[in-house]
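User: Hey, can you walk me through this model? I'd like to start with the sheet.

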Amino acid sequence: MPLAATPPSVIVVIDPGDDVIHTHTALAAHHPPSGRVTLYPGPGTTSETGLAYDLLAALGKPPLLPGRFPGGRQPAWEAATAWITALPVTRLTVLRAHRLTARRTMRLLQLQARTGLHLTLVCHRPHLPAALLTLRAAGSLAGAVLGGAWTDRLGARRATLLWLGAGAVATMALLAVRGPIAGAAVLVVYGVVAAALMAALGALIGVVTPAEQRAGAYSAQNVLANAGSAGGALAAALALQAWPSAGYTALYSVDAASFLVCAVVIWRWVKTAAIGESQATGGADAVSCGGYRVVAGDRAMRWLWLIAALVVAAGYCQLQVGIPGLASEAGLPATGLGWIFAANMITVIALQPLAQHFFRRFRRSTGVLAGVLAVAIAWGLLQTVPHTNIAVLTAAGCALAASEVLLSPIALSLVNDLAPATLRGRYNGAYVLAWTGGWLAGTLITGAVLGARQPQLLLPIWMALLAIAAAAGLRLRHHLPTLLDQPPPRHHPAPSVPATP
């Protein structure tokens, strides 16, 4: 059969969140009489012939062909090619394409070249998004260091405004991407900007908030971030369902506008004169005060950095990486992941009153250890229950939320209490570096273990990392200045304590 003169381009759709809407849309579009076929490869098979049988079944044709065929012939693929040409089929959408082997993928590409159909490969948890996310994480590592230094140089308010503007530009640049190299470059830049903004915003909250109220302020930031993520995901799903062609353009435009709105709010209501701290405007003192060497020399900060990196690697990033991977390995439906994420977000919001009560009554090092323990409880549930199911994974997601509610605000308030005024940006940058580094390490470890088909090794690895984090929490209690470890007074500001050498 001659090759088509000008084969249409192959489209790869990236769905890293395994959104059920994408799957339902593709399945609903299946209508062979109209030339549209959606192929859902059967699980547990990797042979090329098995994929041809799946394709024949999707076409509504008998997969088993009678008679004998000469050696070297592949009648199933020949039959599939003939039926696609005869019907004719003009569009073929392949779901779960990230599970295709290289030989199966080549078969589909050969089929597309011979028949001239429009081939769409939908990758739900592919290697490509993992590589792109790794690039963004690498950019975030650089952004954390750069953002901390520039915050000390420019001041927290100016740096926050700068990175918010850069975030709007980087978001709109995603719409202009037309190739993989440009896309990778924009993702790296976006990672730099996002991490730098986190460092600047963390420092700004530390500057404008009294010491005794910082834990509450960072707790509110955490709630708003979770609510914003959930609301954004819901809005994205509704927009893509209502406007499939223009949805992405609208989403990125609104996202860019949100950066600018936040910049206007900070520029209008967070005034430098109201801050009353030298770090609000930066200056020469922020440049000549030792830089990151001072941060690295702070023993309490070193232990806090290690705890954050380990808990993020073994805990928080696994909500996005490990739990979906375990659910996939257990053959659980993708729709159940939505319940896990929803339960996590609801728990974050519901536990806020209890968290505020905890902050007022217990030592802050106790809160750090409780956060580590909550992550250990999450994985202990998975280790003790014989069969992984959505209910157990949901309970683990709630335990992770409890850890986040306790640990994140306490850690950020400690970072800003330990930081001298001229190094507040670098202290926050170092903390963001712990988060981004822990996220990258956790993602790489989980990907390597799942790629090796050894999911049973994940829980022991996570528990070992959490044991190290718990030991680090005890060391933090030893090195943390006593005044900073105590609950903040209810009516009087907490005294300023210099960083420990």
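Analyst: Thr93 has Thr120 in β4 as its bridge partner. Strands here are DSSP E runs of at least two residues, and helices are H or I runs of at least four, numbered from the N terminus. This is a predicted model, where local features need pLDDT of at least 70, side-chain atom pairs count only at pLDDT 80 or more, and totals for chains, interfaces and linings use all residues. Residues are numbered from 1 along each chain as its sequence is written, and side-chain values use heavy atoms, leaving out hydrogens and water.

User: How many bridges join β3 to β4?

Analyst: There are 4, between residues 91-94 and residues 118-123, and the two strands run parallel.

User: And what's the strand order in the open sheet?

Analyst: β1-β4-β3-β2, with parallel pairing; strands pair if DSSP finds at least two bridges between them. The edge strands, β1 (11-14) and β2 (36-39), each pair on one side only.

User: Is α18 mostly covered or mostly open?

Analyst: Mostly covered: 24 of its 29 residues are buried.

Note on methods:
Buried means under 20% relative accessible area, exposed over 50%, partly exposed in between (1.4 Å probe, protein chains only).
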